[in-house]
Amino acid sequence: MARWSSGDRPLIATTIVHPEGDATFAAAAWLAPAGLRFTLVPGTQQPGGSWHTVGEIPPGQRASLVAVFNSGFKYIDIDGGFRAEGRTQVPLVPGEASFVIRSSGGAEVGAWGETIRDRNDIVAVRQNLKLIVAHGAAAKGLLTNHDGSWGSKHHQVQFTPRSGIGELRDGSLVYVAGPDLDLQQLADAFVAVHAVTAMQLDIHPNMTVFHLFDAGSGTTAGPAHALLDVMTAPLDRYLTTDRRDFIAVNER
């Protein structure tokens, strides 16, 4: 059976949104808050350090794998921090957009030290620039404010594959990616799917990755396919050792 649902319980739902009418499009994947467990997996080079799990999905977690998706920018390009397995490898920066995972496996998106404060149950944090959506509205100056809040001017205004992760009012998460978006269009896509907060993740071809998995067995993941046909990364990415950190999504 497809891992998009478990019995009568939906786990993932996908749709296409058009942030500027028919001129642009993005795909959105809604992720159930109760049925899924999130894990931030360090890559072999990003962020560096020694970890229990590094670079790929452990065999024992592959049968229950529902999805994998890309993380954020390289650390040379951002000020933000990184925590995984309960250990902070790169110092966390107040105000930075943060994808946060609790010991329960649940996750949330917010500004570190502002809408999300450190707690004993926060085992993983991936920071990446500033929020692009807050309180249900796109941030001001996404294309015109070049103070480094969202990377370089080129990173903001160019039309390129982009991705991000957001949170809805009910606590569910939504991943959004499109093949040819500027930063404003990515934020507008999150607003269109009713995200109350959202952050940009990685950009550019081969860096935006969202793979959905059918049911696996034993130590083998099920068949995979990409959220968008233009996502050209191999379908076994993150099942083989990868240099970049990423997020794994398993059925509870």
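## A guided reading of the predicted chain

The protein chain contains two helices and 20 strands; helices (H or I, at least four residues) and strands (E, at least two) are DSSP runs, numbered from the N terminus. The radius of gyration of the protein chain is 17 Å, close to the 18 Å that the globule rule gives for 252 residues, so the chain is as compact as a globular protein of that length. This radius is taken over C-alpha atoms, and the globule rule is 2.2 Å times the number of residues to the power 0.38. Along the principal axes, the C-alpha atoms fill a box of roughly 50 × 40 × 30 Å.

The model is predicted: local features need pLDDT of at least 70, side-chain atom pairs count only at pLDDT 80 or more, and totals for chains, interfaces and linings use all residues. Residues are numbered from 1 along each chain as its sequence is written, and side-chain values use heavy atoms, with hydrogens and water left out.

Of the 252 residues of the protein chain, 55% count as buried. Buried denotes under 20% relative accessible area, exposed over 50%, and partly exposed in between (1.4 Å probe, protein chains only). The accessible surface of the protein chain comes to about 10400 Å², and 52% of that surface belongs to carbon and sulfur atoms. These areas come from the Shrake-Rupley method with a 1.4 Å probe; for residues, only the protein chains shown count as cover. As to charge, the protein chain carries 20 positive and 25 negative side chains, with the centres of the two sets 5 Å apart. Lys and Arg count as positive and Asp and Glu as negative, while His and the chain ends are not counted; the place of a charge is NZ of Lys, CZ of Arg, CG of Asp or CD of Glu. Among contacts (heavy atoms within 4.5 Å) between residues at least 6 apart in sequence, 66% join residues at least 24 apart.

The largest nonpolar core has 41 residues, of which Phe38, Phe69, Phe99, Ile165 and Phe210 touch the most other members. Such a core is a set of buried Ala, Val, Leu, Ile, Met, Phe, Trp, Tyr and Cys residues joined through side-chain atoms within 4.5 Å. Beyond four places in sequence, the residues touched by isoleucine 165 include Leu31, Phe69, Phe99, Val109, Phe190 and Leu201. A second, separate core of 19 residues includes Ala28, Leu168, Leu181 and Leu186.

Leu201 is also one of the residues touched by glycine 72, together with Arg126, Asn128, Asp202 and Arg244, again not counting residues up to four places away in sequence. Glycine 72 lies in the loop between β7 (65–70) and β8 (82–84) and is buried, with a relative accessible area of 2%. From glycine 72 to alanine 248 the C-alpha separation is 14 Å, across 176 residues of sequence.

Attention now turns to the backbone. A cis peptide bond joins glutamine 46 and proline 47, with omega about 10°; proline 47 is found in the loop between β6 (36–41) and β7. Histidine 204, a residue other than glycine, has a positive phi near 90°. Histidine 204 is in the loop between β17 (195–203) and β18 (210–213) and is partly exposed, at 26% relative accessible area. Tyrosine 238 likewise has a positive phi, of about 75°, although it is not a glycine. Tyrosine 238 belongs to the loop between β19 (224–226) and β20 (246–251) and is buried, with a relative accessible area of 2%.

The loop between β17 and β18 also holds proline 205, which counts as exposed at 55% relative accessibility. Apart from neighbours within four places in sequence, proline 205 is in contact with Thr160 and Pro161. The C-alpha atoms of proline 205 and threonine 232 are 7.3 Å apart, and the two residues are 27 apart in sequence.

Finally, proline 19 lies in strand β4 (residues 19–22) and counts as buried at 16% relative accessibility. Outside four places in sequence, proline 19 touches Thr24, Phe25, Ala26, Gln185, Asp188 and Ala189. Threonine 24 is placed in the loop between β4 and β5 (26–31) and counts as buried at 11% relative accessibility. Leaving out residues up to four places away, threonine 24 touches Val17, His18, Pro19, Leu181 and Gln185. Threonine 24 and aspartate 180 are 156 residues apart in sequence and 7.4 Å apart in space, C-alpha to C-alpha.
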